[in-house]
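Reader: Can you walk me through the contacts in this one? Keep it quick.

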Amino acid sequence: MKTTERQHTTTSGVPVDPLYGPEQLAGFDPSRELGPPGEFPYTRGIHRDMYRGRLWTMRQFSGFATPEETNRRYHYLLEQGQTGLSVAFDLPTLMGYDPDHPMSPGEVGKCGVSIASLEDMEILFRGIPLGEVTVSMTINSPASVLWAMYLAVAEQQGADWTRLSGTLQNDILKEYIAQKEFIFPPRPSMRLVTDTIEFGAKRTPRFNPVSISGYHIREAGSTAVQELAFTLRDGIEYVDWALERGLEVDEFAPRLSFFFNAHNDFFEEIAKYRAARKIWASVMRERYGARSERSWKLRFHAQTAGCSLTWQQPYNNVVRTAVQALAAVLGGAQSLHTNSLDEAYALPSEHAVTIALRTQQVLAYESGVANTPDPLGGSYFLEKLTLDTEAAANDYIRRIDGMGGMIAAIETGFPQTEIAAASYRYQREIEDGERTIVGVNRFQSGDEPIELLQIDETTGRRQEEKVAALRARRNNAEAQRTLDALKGAAEGAENTMPYILDAVRAYATLGEICEALRAVFGSYQETTRL
Amino acid sequence: MPQPIRVLVAKPGLDGHDRGAKVIARALRDAGMEVIYTGLRQTPEMIVNAALQEDVQVIGLSILSGAHNAIVPRVLELLREKDMSDVKLVVGGIIPDEDAENLKRDGVAAVFQPGASLDSIVTFIRTAVA
């Protein structure tokens, strides 16, 4: 059997020594580098008892077609023992366009659920008590609008905002870096994010207004270190803006949450999560002088790596996902999404998503890994990797500090070009056979056909008709009044959230609200770099 | 020296996942082709206009959002309208087998699905343009 040089590096290309022992950890002081679980610097986890006290939240990202269809999927997932919801929106919604916008044809309901107005959000959560279920929403540029719709539905249900618990992704910086679903230029976008952080700190103290996300950075082809460094530096940028707004660090920092990828390389991923907690704890305590322990603790959601799934031999994806999920659990994730075996092809079928959820349940209830915190702590290899990952990420963070912060770095294209170079290198390694992808460049065999979820092609038309009927039915003068008021607020320095809430309650559509903001803020076009 | 093959790599629709488009663009450039990358959110009209202005022999569309059945036929139609049917249209991304067959029947030169090697794409383009 042929072994190649490449098999002795991590997925990110970091060389791995033939053996790890005490010599690689000379001078290692466990009390300083690790501490007990639940104590600074939280390398071993943010809770003393970790999963003995409470298992991670099993939260499958889900959304497709119309709100009616997605609502049925949510009820199904909750019946199957899922413990939280996570909303996937379609591309027009992510870009702030209504279903009848000229850019929307062919895209409505394809990559997620189509939500154009408060009416759609009411349907999405019909029969789901928002006061009890925690909900995560993957929405960024128009996040404040979708969040306002969510809060308005909670209000209709009689839920107390101060008790609502959930997460808004709302991480615009990684959109410019990797995911590329941006509407407005960086600075007005950061102002909108800061508005939600401020509003949340005062009105929804249990809701996470931002989920600072490395997931998409990694999916765009970054290394593990780049994912970690760019994400934490994004976090620093949000903290700077919130402080600039006049908030106290301990007033908002406890509600900043994170979202990381769980990729193929088992130990590299676990080291990444441990280093993330350790760096963030120091950033909070030393750089910002946060005094609340809650500010020091990095809480994160993990999702297995979509980009690692293969079209060839799709059942192998169940195995990949299980290994990746195990890394997330051993790394101390607070919540987890496991990808479905069919996601290299399409949004998951009910059958496939059930296997993905069962994978988490097997880890939680059968494998024994939840019995004790950080069970791999003290492994020579893992501790060395954690130290190296921390040092490499801190180097990047210092470089970006030196550029004047993340917005300046984005404007010069620094993170974008670093990621593109890493992704090209990775692809060449696969191409040259230096890196093995089972079933793709080695061990090929015939593909077994699988049943796929079909998105009804009438979804677009149905959503268009619904939004047209809403515009005909609502009080248009009131909708227009709220949109004008929002424009006024956007031109000034006031917090936009109360104005967006008014517009949403008047059934102004997502597209109309984003158009009002575009009129004030302008649109963003990136400079394309290869 | 023969003229290098000119390729327009385009990202139509609302999808921002540009990892594949960028990797392909670099691979084609490394293979000696002249590559123009349009950037994100191009309409079929913008793509065909760019192809005309840049005088390319090949257009590569990267589509991962499932919107291919709305976008690709429109690009083909515009190529016919502008008398540019000699330009080879190649599509890469998440395209189910059945759709891939239909698109090829309608005039798409090749469809590359996930896992396709860079070499196979380079070789195809060289052969198709030769």
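**Salt bridges and other contacts**

Author: Glu198(A) and Arg245(A) form a salt bridge, with the closest N and O atoms 2.9 Å apart. A salt bridge here is a side-chain nitrogen of Lys or Arg within 4 Å of a carboxyl oxygen of Asp or Glu. This is a predicted model: local features need pLDDT of at least 70, side-chain atom pairs count only at pLDDT 80 or more, and totals for chains, interfaces and linings use all residues. Residues are numbered from 1 along each chain as its sequence is written, chains are lettered from A and ligands numbered from 1 in the order written, and side-chain values use heavy atoms, leaving out hydrogens and water.

Reader: Where do Glu198(A) and Arg245(A) sit in the chain?

Author: Glu198(A) is in helix α7 of chain A and Arg245(A) in helix α9 (residues 224-245), 47 residues apart. Helices are DSSP runs of H or I, at least four residues, and strands are runs of E, at least two, numbered from the N terminus.

Reader: And is Glu198(A) buried or exposed?

Author: Buried, because its relative accessibility is 16%. Arg245(A) is partly exposed at 26%. The cut-offs: buried is under 20% relative accessible area, exposed over 50%, partly exposed in between, with a 1.4 Å probe and protein chains only.

Reader: How many salt bridges over all chains?

Author: There are 47. One of them joins the side chains of Glu411(A) and Arg187(A) at 3.2 Å, N to O. Glu411(A) lies in helix α16 (residues 406-411) and Arg187(A) in helix α7 (residues 186-203), so this pair ties together parts 224 residues apart in sequence. Glu411(A) is partly exposed at 40%, and Arg187(A) is partly exposed at 44%.

Reader: What about Glu478(A) and Arg481(A)?

Author: Their side chains meet in a salt bridge of 3.0 Å, N to O. They are three residues apart in helix α19 (residues 476-491) of chain A, so about one helical turn separates them.

Reader: Which residues share partners in a network?

Author: Salt bridges join Asp98(A), Asp100(A), Arg471(A), Arg474(A) and Glu512(A) into one network.

Reader: Switching to the interface. How many residues does each chain give?

Author: Chain A gives 37 and chain B gives 33, where contact means heavy atoms within 4.5 Å. The two chains bury about 3000 Å² between them, 58% of it on carbon and sulfur atoms. Buried area is the accessible area (1.4 Å probe) that two parts lose on being put together, summed over both.

Reader: Which chain A residues lose the most area?

Author: Trp311(A), Tyr424(A) and Leu530(A), together 26% of what that side buries.

Reader: What salt bridges cross between the chains?

Author: The rule finds one. Lys180(A) meets Asp18(B) at 2.8 Å, N to O.

Reader: Which element gives the most on the chain A side?

Author: That is α17(A), with eight residues.

Reader: Are Phe125(A) and Tyr150(A) buried or exposed?

Author: Both are buried. Ring pairs link them into a cluster that includes Tyr74(A), Trp147(A) and Trp161(A).

Definitions and conventions
Phe/Tyr/Trp six-rings, centres within 6.5 Å; stacked < 30°, edge-to-face > 60°.
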